[in-house]
Amino acid sequence: MSTAIRPPGGPSTVAAADVGSASEIEATVEAGSASAVDKAGAAGAVAPASTEQVQSPTAALLARLDAGEITREQAIESLISEALSAPGVSRLADAQRTELESIVRASLLEDPTLARLLG
């Protein structure tokens, strides 16, 4: 029984003459890539790249804070509100929700890294 599987360092089953030159390989790859892209584009499967960057709600809030549109206190209240509206928070008991609010508020007010972000 014969197999094409060879141990590392074993003889190659493909002769170098069968492969072709590097320029022939590149031309084949480029032609194949171009035709695949053309076909996908013609079928509408390729969406145009967007130049707009999507900002997270927190990044948008910090940008508004930096621009002077809102105060530090308003930013903190907005971040707390965002944290309390996260999925799963609604399942917490009232006491747990209140505790979560106080932990988030303390973190925003006392953590030096977060404090720097909020000015």
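**Helix 4 against helix 5**

Helix 4 and helix 5 are oblique to each other, a word used here for angles that are neither under 35 degrees (roughly parallel), nor over 145 (roughly antiparallel), nor 65 to 115 (roughly perpendicular). The model is predicted, so local features need pLDDT of at least 70 and side-chain atom pairs count only at pLDDT 80 or more, while totals for chains, interfaces and linings use all residues. Residues are numbered from 1 along each chain as its sequence is written, and side-chain values use heavy atoms, with hydrogens and water left out.

Two packed helices are described by the angle between their axes and the distance between the axes. Here helix 4, residues 72-84, packs on helix 5, residues 94-110, at an angle of about 140°, and the axes are 10 Å apart; helices are DSSP runs of H or I with at least four residues, numbered from the N terminus, and the axes are lines fitted to C-alpha atoms over the stretch in contact, with angles running from 0 to 180 degrees between N-to-C directions. The crossing of helix 4 past helix 5 is right-handed, that is, the near helix is turned clockwise from the far one by less than a right angle.

On the side of helix 4, the contact (heavy atoms within 4.5 Å) is made by Arg72, Ile76, Glu77, Leu79, Ile80, Ala83 and Leu84, which meet Arg97, Leu100, Glu101, Val104, Arg105, Leu108 and Leu109 of helix 5. These residues divide into 9 nonpolar, no polar and 5 charged.

Side chains of opposite charge can pair when their charged atoms come close. The structure holds 3 salt bridges, each defined by a side-chain nitrogen of Lys or Arg within 4 Å of a carboxyl oxygen of Asp or Glu. In one of them, the closest N and O atoms of Glu77 and Arg105 are 2.5 Å apart. Because Glu77 lies in helix 4 and Arg105 in helix 5, this pair ties together parts that are 28 residues apart in sequence. Arg105 also forms a salt bridge with Glu101, at 3.1 Å between the closest N and O atoms, and these two residues of helix 5, being 4 residues apart, are separated by about one helical turn.

As to accessibility, Glu77 is partly exposed at 39%, as are Glu101 at 29% and Arg105 at 26%, where buried means under 20% relative accessible area, exposed over 50% and partly exposed in between, with a 1.4 Å probe and protein chains only. A further salt bridge joins the side chains of Glu69 and Arg64 at 3.3 Å, N to O; Glu69 is exposed, with a relative accessible area of 54%, whereas Arg64 is partly exposed at 38%.

Key
Ala, Val, Leu, Ile, Met, Phe, Trp, Tyr, Cys and Pro count as nonpolar, Asp, Glu, Lys and Arg as charged, and the others, Gly among them, as polar.
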